[in-house]
Amino acid sequence: MMCLSRRVLAHFWLPLCFCFVCVCVSLAEVRYSLPEEMQQGSVIGNVARDLGIDVTELVRRNARVVAEGSRQFCELRLETGSLLVSERMDREELCSQSAPCILQFQLLLENPLKVYSLLLDIQDINDNSPAFDNGQIELELLESTVLGRRFPLESAHDPDIGANSVQHYQLSGSEYFALEMNTQYPELVLKKPLDRENQADHFLTLSGVDGGRPARSGAASIHIHVLDANDNVPVFSQRVYKVSAQENSAQGSVVVKLNATDLDSGIYGDVSYSFSHVPDKTRGIFEVDPVTGEVRVMGALDHEEASSHELDVQAKDGGGQSSHCKLIIDVIDVNDNAPVIAVKSNSATVPENASPGTMVALLNVYDLDTGTSGRVTCEISDVPFKLVSEVKNYFMLVIDGVLDREKRPHYNITVTAVDAGTPPLFSSKTVAITVTDVNDNPPIFRHSDYSIQFAENQPQGTPVTKVTADDADEGQNARILYSLAEDAASHFSINAETGEIFTRQPFDYETSTRFNIPVMARDGGSPPFTSTCTVQVFIADQNDNSPVVLYPVQFDGHLADDIVPRAAPAGYLVTKVVAVDADAGHNAWLSYRVLKATQSNLFSVGLHCGEIRTLRPFAEDDEIRQTLLVSVSDNGRECLSATATVNIMIEDGLPVIDELFARGVEESHAHRELILYLILALAGVSSLFFVLIIAMVYLKLCRHRYMYRSTAHLPVFPPTYGPPGYSDVSRFNTLQKDDRYNSFLTTGSWRGDFRFGSDFVDFDMRNKSGTSGHVGGRSTARATLLVPHQF
């Protein structure tokens, strides 16, 4: 024990105060002893030094002192570690007559949580003077009272305890009376016979003196009336009555019946009962029947307020003679207080990645009852938390599992405290915990692959599609930014916030038919998570290319003449208009029509094959030179077309091959049937579009090149003819890329078809202009015709 302070005011006659603080340190517990009534701001002790804690730890770990009750009598100065008085401590108010007077506090340190127990032993100082409840004591004594007769007097009461309470009594000088003490009360002793006729009244002063330094005293005046006759005083059956009563006893219930007798008769033998001294905490709780002496409960008995009551009872006869006894009533505790749950520290939020064992709340659980009724057990609802108790009446609420904000972002944890009384009482308190988000979930696209059909020739900035990714996190962790791979950024752009994809340039189906766009979604967490998806953009063909006529070939405005024998019969194949369209599908289907002819009833053109045949035999008056204007149209929604001019020379003397005619007629019928079959096949292909794509891949692998050699002397096309860049991306247009172009020859005109080949063939061509070389009077030319595989 170490005395910390003693102050004596030297300029006064008597010392005013004696202050001291003593401290005892044990494992995780510090006990300080200090006087009551210390001034606010006085230093009780240095907690940091006594517990061996670095002062900087107090600030870092949010140290604080909490009391078990509702009043906070001390505070902690974090800068020095000193424990200071923050509120007046009156031992008499806090503990009444109890000794010792202990106040319990807890020193809390967080991160990690550590609890130390602080005990303040409040020492009594002599700050109260003895006092008599009745400042005027009236006694009536018979003059016949025998010498040595004792008269019990009211005792003085001092709220202080120990040496500071009443130690002795003093009586003012008197030749008739002396003061003596029994075990409980001061007694007035008659030393000299009374003579009413000589002195009817005696005035004395009774003083109660405590043992403090300096001593305090209180006085009561005694007025003694000298009477005749009444020479017996009431006598209690017991000097001390000790009884018990249950708290919350019903009003009017009898606690005890006092009994005092007086040997006198008549008025001098009638005894009346009253309380001579009632403490403040007992006032109004009990009353005594002045006639019967029954003590009844008139107020609320509360064991937690006062575990016992001490009363002074006076019995007085009709002659003024009185005696006193002490009544001690012990209050029996019953289980009438539910446990109290006080939240001393609460983390309203906790991150979802907090590790098990992390404290989220500190609870102070206590019961005002005593004994078995004051033992409390706690439990919580079935959640990933548990209660841990390392200090009496304190429970730490810690994490006992894995938290996942995406599954459960809020917890309302109900803490239930039950005492061990009969019947048990319980109370509950809800602790609200919010689980905060951490970035533990990557963005997830709603679709891993997107397939988009996009028409060609759309302007720059046209929306293509919108990709969406979802993130189970929240806030910044769920903020998603979209971006494209570098190889796709030259063709497309993306809105980083919304995921909308736009074009950077118009697309040409004939150049590119498909784009694979890798899209990445990145969340805003730290570190961020990413995920990717693929957007496949298929460029849909538009009818943006007009048909191109490959034959007849026009050089510098001059067209070669096609020669037909005058003896040719009806249906005779004269020549064929060959055209291609760089578009695909329906947009590349071509149809042929005669727009203008020298003689309208002489020639016809095949609607889909472009073959020019005779409608009738030639007549003598038919013009030798015939000119046809043939229109070539595609099958697009907005039809595009081109025209071809065909010059035909009717020549006499040319032989007509019978097989040529016969096969021509047969081929005409076969051609009509072929058209019907093609229409049916196209309907089937349309319904099996995806199957067709697979079939086309297969056909590419298994494609064969065929050669057909001509036996007719008809013109073919130069290998360099045709605009550059014509290519079939979808494999359905009428013109392939250069590496797939195959030269071909016209076969016998009676067949009316074309076959694939790769050779150059010489042929004779009559040319009226005579601009080509001559061999035996006939013009000759050498050419190569490029045709697509679909013919």
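This report walks through some side-chain contacts in the structure above, from salt bridges to a disulfide and aromatic rings. Please keep in mind that the model is predicted.

**Salt bridges**

Let us start with the charged side chains. The structure holds 27 salt bridges, and three of them are set out here.

| Salt bridge | Closest N and O atoms |
|---|---|
| R60 and E57 | 2.7 Å |
| E474 and R405 | 3.4 Å |
| R566 and D652 | 2.5 Å |

The pair of R60 and E57 belongs to helix α2, which covers residues 55-60. The two residues are three apart in that helix, so about one helical turn separates them. How open is each partner to its surroundings? R60 is exposed, with a relative accessible area of 54%, while E57 is partly exposed at 23%.

E474 and R405 form a salt bridge too, with their closest N and O atoms 3.4 Å apart. Is R405 buried or exposed? R405 is buried, with a relative accessible area of 10%.

The bridge of R566 and D652 has its closest N and O atoms 2.5 Å apart. Here, too, distant parts of the chain are linked, the two residues being 86 residues apart. R566 is in the loop between β45 (561-565) and β46 (573-576), and D652 is in the loop between β52 (641-651) and α5 (658-687). R566 counts as buried, with 15% relative accessibility.

Salt bridges can also join up: R150, E180, E187 and K191 are linked in a network of them.

**The disulfide**

Next come the cysteines. A disulfide is a covalent bond between the sulfur atoms of two cysteines. The count for this structure comes to one disulfide. Which cysteines does the disulfide join? C95 is joined to C101, with 1.8 Å from S to S. The link of C95 and C101 is right-handed, with 65° about the S-S bond. Both ends are buried: C95 has a relative accessible area of 14%, and C101 has one of 1%. Two other cysteines count as buried as well, C533 at 3% relative accessibility and C609 at 13%.

**Aromatic rings**

A pair of aromatic rings is described by the distance of the centres and the angle of the planes. Searching the whole structure gives 10 aromatic pairs. One of them is the tilted pair of F236 and Y273, with 6.3 Å centre to centre and 55° between the planes. F236 lies in strand β16 (residues 235-236) and Y273 in strand β20 (residues 271-277), 37 residues apart. F236 counts as buried at 9% relative accessibility, and Y273 counts as buried at 7%.

F492 and F515 form an edge-to-face pair, 5.5 Å centre to centre with 80° between the planes. F492 is in strand β38 (residues 492-494) and F515 in strand β40 (residues 514-523), 23 residues apart. F492 is buried at 1% relative accessibility, and F515 is buried at 12%. Ring pairs also link F492 and F515 with F454 and F507 into a cluster.

**Charges over rings**

Finally, two lysines meet tyrosine rings. The charged end of K114 sits over the ring of Y116, 5.9 Å from the ring centre. For K192, the charged end sits over the ring of Y176, 4.9 Å from the ring centre.

Notes: Residues numbered from 1 in each chain as written. Predicted model: local features only at pLDDT ≥ 70, side-chain atom pairs only at ≥ 80, totals over all residues. Heavy atoms only, no water. Salt bridge = Lys/Arg side-chain N within 4 Å of Asp/Glu carboxyl O. Helix = DSSP H or I, 4+ residues; strand = E, 2+ residues; numbered from the N terminus. Buried < 20%, exposed > 50% of the residue type's maximum accessible area, 1.4 Å probe, protein only. Disulfide = S-S within 2.5 Å. Phe/Tyr/Trp six-rings, centres within 6.5 Å; stacked < 30°, edge-to-face > 60°. Lys NZ or Arg CZ within 6 Å of the ring centre and 35° of its normal.
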